[in-house]
Amino acid sequence: MTAPPLREACIREALAIIEHSGLENLSLREVSRRLGVSHQAPYKHFPSRDHLLAEVVKRAFAGFGEHLATLPQGDDPQGDLRAMAQAYLDYATRHPLQYRLMFGTALPDPHAHPEMMAQAQHAFSLLQERVARLAEAPSTAPAVALDALFVWATIHGLATILESCAVGRLEMPEAMVRAADDHVLGRIATALAGGPAGSR
């Protein structure tokens, strides 16, 4: 079933407002003004600003999850995990707006927007599955979740630093910045080589 044109237009315009004017300027009134429709028109599809924002964020997580899910799996669990970590960094570089929305924005109430959270949880589950293969443990094991959180925190930290001006302020040599990905991914592999958290 095709989504109503106005609903899709509201989502596109919301993303444009966030990108060019900042999240603080997103409102249903501003969306309707830019689309040239009545102030009440967007409310037919989104009861509130948070509902519109939740849809935008849900789609960001869905795109992120799809990006990770398309990675092939081979016979090398460590190599597969490294490939996923690299794909995470690549997504952050290529889609900075969506990345900031997912991980650098105060999200709408997750209990009020379960579809948004389902997409976020799906993306994390993909990482858990790769960590589980490396650990030879169930993906639902608490130790696997902890190691997945460790990988996520490390990669997210690197992505955030590289996107910011922090590296430039430190005047790091360009060669060192270029080597950061491989170095961090290698250190993650070393850290996980001893088995899942809780078993070491």
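Buried means under 20% relative accessible area, exposed means over 50%, and partly exposed lies in between, with a 1.4 Å probe and protein chains only. At 2% relative accessibility, Tyr99 therefore counts as buried. This is a predicted model, in which local features need pLDDT of at least 70 and side-chain atom pairs count only at pLDDT 80 or more, while totals for chains, interfaces and linings use all residues. Residues are numbered from 1 along each chain as its sequence is written, and side-chain values use heavy atoms, leaving out hydrogens and water.

Start with the aromatic rings. The structure holds nine aromatic pairs. Rings of Phe, Tyr and Trp (its six-membered ring) pair if their centres lie within 6.5 Å; planes under 30 degrees apart count as stacked, over 60 as edge-to-face and the rest as tilted. Tyr88 and Tyr99 have ring centres 5.7 Å apart and planes at 85°, so this pair is edge-to-face. The pair links distant parts of the chain: Tyr88 sits in helix H4 (residues 77–94) and Tyr99 in helix H5 (residues 96–103), 11 residues apart. Helices (H or I, at least four residues) are DSSP runs, numbered from the N terminus. Tyr88 has a relative accessible area of 8%, so Tyr88 is buried.

A second pair joins Phe124 and Trp152. Their ring centres are 5.7 Å apart and their planes stand at 55°, so the pair is tilted. This pair also links distant parts of the chain, with Phe124 in helix H6 (residues 114–135) and Trp152 in helix H7 (residues 142–163), 28 residues apart. Phe124 has 22% relative accessibility, so Phe124 is partly exposed. Trp152 is partly exposed because its relative accessibility is 31%.

Ring pairs link Phe61, Phe64, Tyr88, Tyr91, Tyr99, Phe103, Phe124 and Trp152 into a cluster.

Now look at H5 itself. Its buried residues are Leu97, Tyr99, Leu101 and Met102. They pack against helix H1 (5–21), helix H3 (49–69), H4 and H7. Contact here means heavy atoms within 4.5 Å.

Finish at Gln78, which lies in helix H4. Is Gln78 buried or partly exposed? Gln78 has 36% relative accessibility, so this residue counts as partly exposed. Leaving aside residues up to four places away in sequence, Gln78 touches Leu134 and Ala189. The C-alpha atoms of Gln78 and Ile188 are separated by 9.8 Å, and the two residues are 110 residues apart along the chain.

Methods. Helices (H or I, at least four residues) and strands (E, at least two) are DSSP runs, numbered from the N terminus.
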